[in-house]
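Biologist: Could you put the model up, so that we may go through the two chains together?
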Amino acid sequence: MPDLYASVSSLDRLNLLNGSFRDSSFGFFVTDESGLLQYLNDEAARIFGFDSINEALEYSIHDFEMNVNCGLSEVFDTILKGKSYQKNEHRCTNRLGHYAVLNISLSPFRGEAGGVSGIVGTILDVTESYRKKVMLEEANHVLSVISQVSEALTSAAELNDVLRIILTGVTANQGLGFNRAFLLLINEKKNILEGKIAIGPGSPDEAHEIWSNLAGRHRTLLELLDDYRESKRNSGSSVSSGIEEWKIPLDKANFFVDALESGSGIIVDHSDELSLESVNILNYLQTESLAVVPIISKDRKLGIIVADNKITGKQITETRVELLQIFANNSATAIEHSRLYNKVLERARELEKINRQLADSQEQVIRAEKMSVIGELTSSIAHELRNPLMVIGGFANLMISSGDAGDNAEYLNIILSETQRSESVLHQVLDFSRASRTSNREIEFNTLAKDAYDYFRSKTKFKQNGFSLSLSEKSTKVWGNPDQLLHVLLQFMHLTAEGMTDECKAKIATFQKDRTVRLTIEFTGSRQARDNAAKMYDRIFGSPNGTQRLSLIVAGETIKYHGGNYGVENSAGGGPTLYIELPALGVSKR
Amino acid sequence: MIKVLVIDDEVYVRRLYEDLLTGKGFEVTSTASPKEALDIIRKQKPDIIVLDIELDSDNGLKFIEKYKAECPDVPIILNSAYSIYMSDFKSWMAEAYIVKSSDIQPLVDKITELTGSKREYEQSRK
């Protein structure tokens with residue numbers, strides 16, 4: 001053994017070192033010029049991985065440098081030449097393979113003559129403080145990510161936008177840094193997890209393209225999140241395509257269910273013992289390992305976030321899963337808020353719709369009241385006119401028939417003829433205004449059509465054989481005033497009968513389709529007959545005479561009041577068809 | 001002679017019917033009140049009643065039942081400016097329904113038709 005301190009005995013040197021460093025909290029060692037340990041305290045022995053100091057004294061530090069790998073061998077000669085060496089937070093393993101983080105300081109050890117006779121080193125085990133520091137940095141990073149994501153979420157209310165921002169935070173390099181992320185939400189009614197959104201490259205090539213693009217732009221996480229639509233473009237199409245078709249039953253054993261039930265994140269690896277369902281999921285995602293964290297808000301399970309490092313193959317650590325879980329917990333609130341926002345929005349839309357319906361109803365009530373008032377008024381006027389007209393015409397008739405008219409016979413005939421024309425107009429007005437007094441109610445339109453048809457046939461002797469009736473087999477319920485609608489049907493039947501020729505046939509039919517109840521009067525028969533009928537309708541609807549005009553105005557207003565429509569169209573058979581449409585009850589806005 | 005009771009609140013309508021039907025050989029009594037009509041029915045035993053529906057004091061349809069109870073064999077002709085009452089089931093108790101018109105022939109024809117058997121009986125006695 002070389003003489004380190006020539007003037008001091010070995011025992012004295014040992015005693016001196018022991019007195020100074022034996023119980024020190026840091027490791028202390030001294031080697032000779034070859035690296036052979038001359039002295040080390042208990043802490044240094046522990047750090048290097050020796051059971052005792054005596055065991056260590058038989059070794060050169062070059063013997064276990066391979067394990068410790070603190071660069072000591074490389075710098076050894078430099079230190080012997082008089083230079084010092086320091087390395088902090090050096091992560092290594094000792095001879096026994098134990099992980100440690102060390103602060104190492106090496107200096108030349110000088111002998112009595114002033115020459116370097118070896119090296120002296122101090123090593124401080126900072127593993128625990130380093131671990132805490134790393135954790136603190138991680139926590140700080142996550143807090144920063146959460147803070148930035150939260151800030152970005154304040155500008156998003158739609159669920160899809162919220163989900164995209166969350167996954168951008170999970171996958172962005174400035175965020176949690178996973179390669180790919182998937183978000184699935186629980187459909188409580190169907191008891192399944194439904195895929196909602198996925199972000200990440202589908203292949204290494206795609207990853208290279210996306211990540212190069214992002215790296216070149218040097219954007220902060222907040223900038224990236226602010227433009228969450230950007231992340232849609234940066235997401236590989238292959239990973240996001242089909243995500244919405246992804247349905248995972250919650251009643252079958254798989255790691256998604258495990259994560260939801262346990263309430264905490266898990267790492268799933270292909271080498272684990274997995275259920276068939278779980279293996280299928282891994283195969284579907286084409287990944288070996290992934291992290292699954294539940295999204296839970298106030299004990300309510302909302303869904304899961306799945307993340308992996310398929311492209312880089314970077315190992316998913318427990319710490320990363322814990323961070324992802326913290327992130328998921330914060331995301332849960334945003335998802336709940338978004339859902340509430342959507343509910344409020346939906347409710348607002350419903351209220352808007354109800355308000356519109358209310359306004360429509362009010363308009364209808366006002367219209368009905370107006371119709372009622374107009375009906376009463378016209379009824380009074382018409383009734384007051386009807387009797388005098390009848391008396392005037394009646395006496396004129398009496399004078400003509402008595403044979404006393406003499407030279408005035410022509411004038412009396414004019415009085416009679418004009419009186420009868422006026423009576424015809426009043427006849428309609430009176431019938432309609434009388435009908436206005438009936439209240440609105442549910443009406444089976446088939447029954448109404450049948451009543452109108454029977455009445456029409458009983459009163460219209462001429463050409464009635466040309467008419468036929470075919471009723472819909474479906475229910476034809478409408479809402480309205482039965483007397484008014486009966487009046488309308490009779491008016492149209494009478495108008496049609498006016499244009500009938502002997503060759504004509506008119507088929508009256510009812511239908512119910514979608515939201516409409518329809519009555520049609522279709523002309524059939526020879527081509528000539530159909531042409532004549534078309535001309536007749538052109539005349540009536542184009543330039544009606546006084547009585548027809550009144551009929552059309554009254555009938556048209558009545559149909560409009562009932563929310564319906566009428567007109568003439570060409571049927572498949574080529575004949576003109578008069579139609580009346582009314583909203584079917586139960587499917588209309590009523 | 002066939003006795004006709006006309007119930008109508010319009011004085012000139014009553015006058016028209018009186019002149020017209022008297023000229024056709026009927027004996028006509030008229031009133032504006034359906035209640036007064038009941039007294040006339042009891043006293044004069046009309047062969048036919050011509051009844052307006054919308055009367056000032058009341059609705060003619062309400063009285064059909066009473067008239068029918070008083071003299072079930074006497075036919076009633078409802079005579080209204082409205083045709084819509086035809087669909088009122090109470091109007092079905094009447095033997096006929098004629099809408100008021102300056103063409104009064106349909107009313108005369110209906111009266112003649114409904115009183116035909118009595119007229120024939122009276123003519124046979126002559």
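Biologist: In what order do the elements of chain B run from the N terminus on?
Modeller: The order is β-α-β-α-β-α-β-β-α-α, that is, 5 helices and 5 strands. Helices (H or I, at least four residues) and strands (E, at least two) are DSSP runs numbered from the N terminus. Please note that this is a predicted model, in which local features need pLDDT of at least 70 and side-chain atom pairs count only at pLDDT 80 or more, while totals for chains, interfaces and linings use all residues. Residues are numbered from 1 along each chain as its sequence is written, and chains are lettered from A and ligands numbered from 1 in the order in which they are written.

Biologist: How much of chain B is buried?
Modeller: Of its 126 residues, 37% are buried, meaning that 20 or more other C-beta atoms, placed from the backbone, lie within 10 Å of the residue's own. For chain A, the share is 34% of 590 residues.

Biologist: Changing topic: what is the strand order of the open sheet in chain A?
Modeller: The 5 strands follow the order β13-β15-β16-β18-β17 (chain A), with mixed pairing; strands pair if DSSP finds at least two bridges between them. At the edges are β13 (467-470) and β17 (565-570) of chain A, each pairing on one side only.

Biologist: And how does β17(A) run relative to β18 of chain A?
Modeller: β17(A) and β18 (residues 576-583) of chain A run antiparallel and are joined by 6 bridges. Within that pairing, A:Val568 has A:Leu578 in β18(A) as its bridge partner.

Biologist: Now the helices: at what angle do α6 and α7 of chain A cross?
Modeller: The axes of α6 (residues 127-153) and α7 (residues 159-171) of chain A cross at roughly 160° and come within 10 Å. Axes are lines fitted to C-alpha atoms over the stretch in contact, with angles from 0 to 180 degrees between N-to-C directions. α6(A) is therefore roughly antiparallel to α7(A), a term for angles over 145 degrees.

Biologist: Which residues of α7(A) make that contact?
Modeller: They are A:Val162, A:Ile165, A:Ile166 and A:Gly169, against A:Val145, A:Val149, A:Ala152 and A:Leu153 of α6(A). By class, the contact has 7 nonpolar residues, 1 polar and no charged.

Key:
A residue is buried if 20 or more other C-beta atoms lie within 10 Å of its own, exposed if 12 or fewer, and partly exposed in between; C-beta atoms are placed from the backbone. Angles under 35 degrees count as roughly parallel, over 145 as roughly antiparallel, 65 to 115 as roughly perpendicular and the rest as oblique. Two residues are in contact if their C-beta atoms, placed from the backbone, lie within 7 Å. Ala, Val, Leu, Ile, Met, Phe, Trp, Tyr, Cys and Pro count as nonpolar, Asp, Glu, Lys and Arg as charged, and the others, Gly among them, as polar.
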